[in-house]
Amino acid sequence: MHEEKGIVMGALTMIYDHEVKGLEESLTDAEHLYSDIITSSMHIHLDERNCLEIIAVKGKVESIRDLAQDLMRKRGVKQIRLAIVTL
């Protein structure tokens with residue numbers, strides 16, 4: 001990802017503990033902040049505590065990297081993976 005430049009598209013997958021107080025609201029706020037690069041998202045309940053969020057992104061690689069880092073810093077986010085392709 002550090003070598004990519006320009007406009008890219010891909011999917012950011014995130015696993016988080018939805019029982020962490022305030023996390024879901026914080027994630028929603030972050031997704032609204034980056035609405036210019038988020039094209040879609042899907043929410044899946046894995047079990048009684050864990051959720052999988054798949055976020056489709058398209059835009060400048062720097063903005064996508066910023067989104068991933070912002071989400072990863074949030075308490076309760078367990079894992080983030082990013083798969084991108086260059087347009």
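**View 1. Tyr16 and its polar partner, His43.** In this predicted model, the side chains of Tyr16 and His43 meet in a polar contact of 3.2 Å (a pair of N or O atoms within 3.5 Å; within protein, one must be able to donate a hydrogen and the other to accept it, and residues adjacent in sequence count only if both atoms are side-chain atoms). Numbering runs from 1 along each chain as its sequence is written, and side-chain values use heavy atoms, with hydrogens and water left out. Because this is a prediction, local features need pLDDT of at least 70 and side-chain atom pairs count only at pLDDT 80 or more, while totals for chains, interfaces and linings use all residues.

**View 2. Around Tyr16.** Tyr16 sits in strand S1 (strands are DSSP runs of E, at least two residues, and helices are runs of H or I, at least four, numbered from the N terminus). Beyond four places in sequence, its contacts (heavy atoms within 4.5 Å) include Leu23, Leu27, Cys51 and Val77.

View 3. Leu23, Leu27, Ala30 and Glu31 are buried in H1 (residues 23-33). They fall within an arc of 100° seen down the axis, so they line one face of the helix (the arc is taken from directions between helix axis and C-beta atoms). Glu25, Asp29, His32 and Leu33 are exposed on the other side.

**View 4. Leu71 and its contacts.** Skipping residues up to four places away in sequence, Leu71 touches Leu12, Met14, Leu27, Ala30, Ile55, Val77 and Ile80.

Definitions and conventions:
Buried < 20%, exposed > 50% of the residue type's maximum accessible area, 1.4 Å probe, protein only.
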